[in-house]
Amino acid sequence: MSDVRALLAGRALRLGDGPYLERLDAKRSPWEDRLRAWLDSLPRFDGPRVRRFLDATAAREDAARASADVQLRDALREIAQRMHRQGFNDRLLAEAFALIREASRRTLGMRHHDVQLLAGRALLQGRLAEMSTGEGKTLAATLATCAAAATGAAVHVVTVNDYLAERDAQHNRALFDFLGLSAGVVLQDMPVPDRRKAYACDITYVSNKELTFDYLKDCIALGEISLTQQRLRQFAGSMRSEPPILRGLHFAIIDEADSVLIDEASTPLIISETLPDDLAPAIYAQSVALAQALQADVDYIKGARRDIWLTERGKQRVREITAEHGGLWRSPLWRDEFMQKALSAVHCFARDQHYILAEGKVQIVDESTGRVMPDRTWERGLHQMIESKEGCDITGQRRTLAQITYQRFFGRYLLLSGMTGTAQEVATEVKQTYGLPVTRIPTHKPSRRKRLADRICADSAKRWREVARRAMELAAQGRAVLVGTRSVEASETLGRLFDHEGVAHILLNARQDKSEADIVAEAGQPGRITVATNMAGRGTDIKLAAQVEAHGGLHVILTEFHESARVDRQLFGRCARQGDPGTTEAIISVDDELFLRFAPPASRRLLAWLVRDMRHSERWFRRWVTYVQDRAERHYRKQRVETMRRDAGWVRALGFVGKTRK
């Protein structure tokens, strides 16, 4: 049975009366959110308290080490009972962490460092712990996971993909088994009964998308029923045959929290049903063919930020050409809608960059993670236009059954926390939106990562030749090389260059996601060149062979700056982990997408004039990139605010998820 007393002790939370326990949606003014974020940005003078906590944990280590296995388990259960009354205070956490640390040493062969103790403490305080890449976030999370699960709370460890969920659960299973805690994993395409069984465990590892969609399924199935009504029905023997999938939104630990809470928060999560398409496939084909025939800057104008529209001349030309088609083409509103979607499909969305073709279907690729999202579709006819462009079967239109944003969903947990290596840039937004203050955790060992000068090439072709030359040069020295690209297309372009040179290499992109674990396991070998999309940017721990470490460690090459500097830092963070040596560098082109979309035209022209072939830079160029990335971040921040605004309007208009949850 679930027991959330430890999560609620000393905290005044407004709880809903839905099918299971969750917080009511927060109703705060924007000014209150800004004030809270500003107050949290002030320095925290808790150094003495932190030192006392670490000393108290260390003081109990000898006693824990002298205890028998059964004594460790009994002691943790006894502490959990006290947590029900007193909450997760430092005194009880010091006792619990000493026991969990010893259990980890016995089962995993890994003893938590002091910085990991601080991270575990921050998680149970409802904070976002920023730990540098390679500092052992997975192990640090076990402290909070085991302590909370021992109290009876449902603990969800939220990861960015199935691979990490399964990997981390398997890695820590021996520790959980030792402490008598059950652990489940939820994976894509898993049947509902198996999902329900996984969520019934003390600890559940699950990706953010699977978790949110399972919650929406419960919302649809249970509707307005309250927790009290549900228990009465169960008592009377008339409970519906299918219980909820989840057992509550108690405690969530979000790994790579900035990716989940910020990068993926611009789009609401939607459950929909496919309806027969009222439009004939011929309309999509006609629209795409016409869009391909129109002239840029004459019939249509394409903006810098994936917006596109017809000119007056373009509208006239479309009207003349489609006059013979009849039907919906006679309506100016329908005609403009068809052409806007067709122009977007043809000119704004590229195969192997924004989507791939797999099993005869258009499958969207998440640009921030490099992974396929097979159940996602673009809305309002765009997906069908892209299917027509690619010659695929046209799927039906979708009707929304339920939707929610990450902002609203994660705000419903009784206790929310997170971990990431890159949070400072978005600390204010995370605090304002989710109420999560950021705590910076120091490194266990000094970093030995060295950033080399950036190389700026005049065009994309020169950039790929230089990347290939540089990777081959370093691999010949016995180093391991990881090359990060932004798209499937870019990774395969570079792969063809290596093939032409007869150089052995490994590709990791959305097409090879099933062999990801094997590829990552070999990426630290001498002379190994791994070309990867953003799939390798988060959560992957590349183990170095001794020969590679002796020759300078892993070398990471960034081939294109991202809109967010956090994504760049995550890729660089694949090297020089836990005190290992490593180097990074950026080899980019002046015509990269970031610069085309967000750099002021004048500065872009100046850069092109300065870089006629290739230049090296350590300072001035990085300052300019930071400026452009700030512009991009502001753009996407506005998108997230607009997503929240639309979601709030949708809730008010349709009364989504019932009166018990508003």
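Me: Which residues of strand 2 point one way, and which the other way?
Reply: This is a predicted model. In it, Val155, Val157 and Thr159 point one way from strand 2. His156 and Val158 point the other way. All of these are buried.

Me: How many residues of strand 2 are buried, then?
Reply: Five of its five residues. Strand 2 covers residues 155-159 and is mostly covered.

Me: Which way do strand 2 and strand 4 run, parallel or antiparallel?
Reply: They run parallel, and five bridges join them. Strand 4 is residues 203-207. Valine 158 stands opposite valine 206 there.

Me: And how many bridges join strand 2 to strand 5?
Reply: Four, and those two strands also run parallel. Strand 5 is residues 251-255. In that strand, alanine 252 stands opposite histidine 156.

Me: What do strands of a sheet pair through?
Reply: Backbone hydrogen bonds, either parallel or antiparallel.

Me: New topic. What is the order of the open sheet of three strands?
Reply: The order is 9-10-11, with antiparallel pairing. Strand 9 (355-358) and strand 11 (372-373) are the edge strands. Each pairs on one side only.

Me: What packs on that sheet?
Reply: Helix 17, residues 382-389. It touches strand 9 and strand 10. The direction of helix 17 makes about 120 degrees with that of strand 10.

Me: How many bridges join strand 10 to strand 11?
Reply: Two. Strand 10 is residues 361-365. Isoleucine 364 has methionine 373 of strand 11 as its bridge partner.

Me: Now helix 21. What should its 14 residues span?
Reply: 20 Å, at 1.5 Å a residue. The end C-alpha atoms of helix 21 (residues 488-501) are 20 Å apart, so the two agree.

Me: Which of its residues are buried?
Reply: Val488, Ala490, Ser491, Glu492, Leu494, Gly495 and Phe498.

Me: What covers those buried residues of helix 21?
Reply: The cover includes helix 20 (460-476) and strand 9. It also includes strand 17 (480-484), strand 18 (506-508) and strand 19 (529-532).

Me: Last one. Where is threonine 420 found?
Reply: In strand 13, residues 415-420.

Me: Is threonine 420 buried or exposed?
Reply: Buried, because its relative accessible area is 0%, and buried means under 20%.

Me: What does the side chain of threonine 420 make a polar contact with?
Reply: With the side chain of aspartate 258, at 2.5 Å.

Key: Residues are numbered from 1 along each chain as its sequence is written. This is a predicted model: local features need pLDDT of at least 70, side-chain atom pairs count only at pLDDT 80 or more; totals for chains, interfaces and linings use all residues. Side-chain values use heavy atoms; hydrogens and water are left out. Two strands pair if DSSP finds at least two bridges between them. Contact means heavy atoms within 4.5 Å. Axes are lines fitted to C-alpha atoms, for helices over the stretch in contact, and angles run from 0 to 180 degrees between N-to-C directions. The expected span of a helix is 1.5 Å times one less than its number of residues. Buried means under 20% relative accessible area, exposed over 50%, partly exposed in between (1.4 Å probe, protein chains only). A polar contact is a pair of N or O atoms within 3.5 Å; within protein, one must be able to donate a hydrogen and the other to accept it, and residues adjacent in sequence count only if both atoms are side-chain atoms.
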